[in-house]
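Thank you for making time this morning. I would like to walk you through one model, so please have the sequence and the coordinates open while I speak.

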Amino acid sequence: MQQKYWIFIGVVILALLAGTFVYPNYVNQGIDGLNGKFGWHVPHFWSKPYTLGLDLQGGVNLIYQADLIKTDDKGLAMQGLRDVIERRVNMFGVSEPVVQIQGSDRLIVSLPGVKDVKQAIEMIGQTPYLEFDEQKTEAESKPILDKIKEIQDAESKKEDYTKIKDWQLALQNPYFKPTELTGKYLSKAAVVFDQTTFKPQIQLTFNSEGSKLFEQITARNIQKPLAIYLDGASIIDTTGDGKIDVSDVYAPIIQDKITGGTAVITGNISAQTANTITSRLNSGALPVKIGDPISQETVGPTLGQASLQKSLWAGLLGLLAVVIFMIIFYRLPGLLASIALLVYVAITLSIFKLVPVTLTLAGIGGFILSIGMAVDANILIFARMKEEIKQGKAVDVAIKEGFGRAWPSIRDSNLNSLIVCAILFIFSTSFIKGFALTLSLGIVVSLFSAIFITRILLQVFIGKWSEKVKWIL
Amino acid sequence: MFQFTKYSKVYYLVSGILIIASIASLIVFKLHFGIEFTGGSNMEVEFIPSTVSGQVNRPGNEQITKALESFKLGDIVVQPTGDKGAILQFKGIDEATHQNVLAELTKLSPVEEKSFQFIGPSVGQELKNKTVIAILLSLLAITLYIAFAFRKVSRPVASWKYGVTSLIALVHDILIPLGVFSLLGHFYNVEITIPIVAALLTILGFSVHDTIVIFDRIRENILRRGMGEFSQTVDWSLTQTVGRSISTVATVLIVMFALYFFGGPTLKYFSLALIIGVSSGAYSSIFIASPLLVSWNKWSERKT
């Protein structure tokens, strides 16, 4: 078999895979049907949803400006702030929050699907609070533990635990109680390496007042743990389950009374963990103020859905109209280009799902625009082909010439569009970035579909026979 | 062959009038920037059926403005949308005030908030600067690219002249939609928002497509057919490419009209900007950029 047929089969397989990935429902229904009929256990096709931007799924987008005037190492301070805010929004229970640093002193917080924006803003705006807690005595712990047990029993019997006397007691930390030592007494934390073992250690330096407090606390807690909490939760995830909750406690053991205000936390920790702990300690020691957001965008859940539906519908209509247009004006090649256009849509949407590209309304606008622009290369090629055929060239020669002659224009014009997209991407807000990204992806994929796929289709479907029915070309 | 360049003066006149009108409109009416550029708050609400009567009651604009008086929100602009919705714009407020405003509105009639946007003044100014830089950079990059791509054709017209004429065509293509939007802004309160800026920049990229294809054909015809009368080469190239120009613009216009009529309010003006810009771009590549090349060539020949 000739090479072109192999490539054609490859294109067909690619198109089918992409199409199924974009819209797996029918294939999965078919699989269900077969499984039911023959008792097979064929799994469903891999499905992955689109990643929708805030404007489509609802939520809030906040921009903060950090006050870094009193900070020496601004980059480090922003890293720490980002980390602290990320911890908080994770604990707030938002799905897939994004906290990113923009420029030197801006922080962008995206909270998809968040209901209580006011509470979220209040929580983010708080100053980080670092505390060092000592162990409770057994007499102090017992009533709390008992109460927790009592409530758990009640809950397992589906009883209303708020009827239990002093149920709020169970909300307290059963093992640790705060000391006077807090973040404001800590001057700084740093990662240092042990001189002999080269293991990472965390060095804490307290200010003069903090040194005295630390001395008293260590004196009365020798061989006992000292727990470190940030914003009321353990400073790191110690259970390794990927989230910070009540079961996590980070509490180094105090070996001896420490005077002089400098302490070192040793132990078997990775350099990465040491860095995380240090940056969090520092964010509690030298809190960077972020205050109120300087920009806020809240989108209700219904608005996004409605505009998504409408624009998708419009895109589908546009696609259909382009197909009709191409078939009327370019007949058989137009039909083949339309098939290539459908493959283009399937591949682009697959890439959106795979990467994943966060789809915003502007991004969808860019994609719909690219549907109209994707056939541009085909139009150029076909127009050229028609000219060559008019000059009396054989069809296969005309196809070849058409592609060859049209290529410089296609290259120049698309490169130009990509340049503009790059400028858009560099010099703008996240909103336009989405647009520039989808548009440039569209341009690249459309070059592939309009040139590579269409050419294979033309080579496979248009042969010597078409010389007799030239009107279809 | 159609003698496109024979009527150059007519095209220049038409475009000249359009450009002067656009500039005049920009000077007189200015651009009506959205709050993402000026800073402020934008609140979109929809009034919902009250639990008592089951009826939707949208309060009048004055009623809303009066109810919110105590918050000192500056100039409040209320714009009704659809049957039950309204867009409110006022100065920047914090989240607490925002919630209070919403509560006050609910007192008038039950309401559901669709979206709320607050942009600090510094963010808006920054965005304006960035947009201007992006537009200027795009213009520069495109001009340089064309001058580079056509470096092999230096006769009869130098390659940088291709770059400059396409730049003139691009300025034409961006001024006309801007003029239209300044009119829309003045009479229909249509704002320049970020999607419209994105559309304008895309127009730059797209309308130069057409110019490139035509210039490319001129380049090819010069290289293949040798020097003839330059105006004839241009006319011939335009005749060869005009069918393709119309088809390409048509397919883009088809999808943009679909988006304009069925795509919902957010992308409506985005598609409108593209419809105006793409049409103007197609016009300017055929009737401005190419004739300008010929005129420029004649003018410099006369000089020597």
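I will begin with the conventions, then turn to the contact between the chains, and end with some places inside chain A.

What we are looking at is a predicted model, in which local features need pLDDT of at least 70 and side-chain atom pairs count only at pLDDT 80 or more, while totals for chains, interfaces and linings use all residues. Residues are numbered from 1 along each chain as its sequence is written, and chains are lettered from A, with ligands numbered from 1, in the order in which they are written.

Let me start with the contact between the chains, where two residues are in contact if their C-beta atoms, placed from the backbone, lie within 7 Å. Chain A brings 56 residues to this contact and chain B brings 57. On the side of chain B, the elements giving two or more residues include α4, β4 (111–119) and α7 (194–225), and the largest share comes from α8(B), with 14 residues. Sorted by class, the side of chain B that touches chain A has 33 nonpolar, 17 polar and seven charged residues; here Ala, Val, Leu, Ile, Met, Phe, Trp, Tyr, Cys and Pro count as nonpolar, Asp, Glu, Lys and Arg as charged, and the others, Gly among them, as polar.

Helix α5 of chain A (residues 117–125) packs on helix α4 of chain B (residues 95–108) at an angle of about 170°, the axes being 10 Å apart. Those axes are lines fitted to C-alpha atoms, for helices over the stretch in contact, and the angles run from 0 to 180 degrees between N-to-C directions. The two helices are therefore roughly antiparallel, given that angles over 145 degrees count as roughly antiparallel, under 35 as roughly parallel, 65 to 115 as roughly perpendicular and the rest as oblique. The residues that make this contact are A:V117, A:K118 and A:I121 on one helix, and B:E95, B:A96 and B:Q99 on the other, which by class gives three nonpolar, one polar and two charged residues.

Now to chain A itself. The axes of helix α11 (residues 376–390) and helix α12 (residues 395–426) of chain A come within 8 Å and cross at roughly 135°, and the two are therefore oblique to each other. Among the residues that meet there are A:L380, A:F382 and A:M385 from α11(A), and A:I399, A:F403 and A:I410 from α12(A). This contact has 12 nonpolar, two polar and four charged residues.

Leaving aside neighbours within four places in sequence, A:L341 is in contact with A:V322, A:V323, A:A374, A:V375 and A:S449, while A:I101, with the same exclusion, is in contact with A:M78, A:R82 and A:L107.

How values were computed: Helix = DSSP H or I, 4+ residues; strand = E, 2+ residues; numbered from the N terminus.
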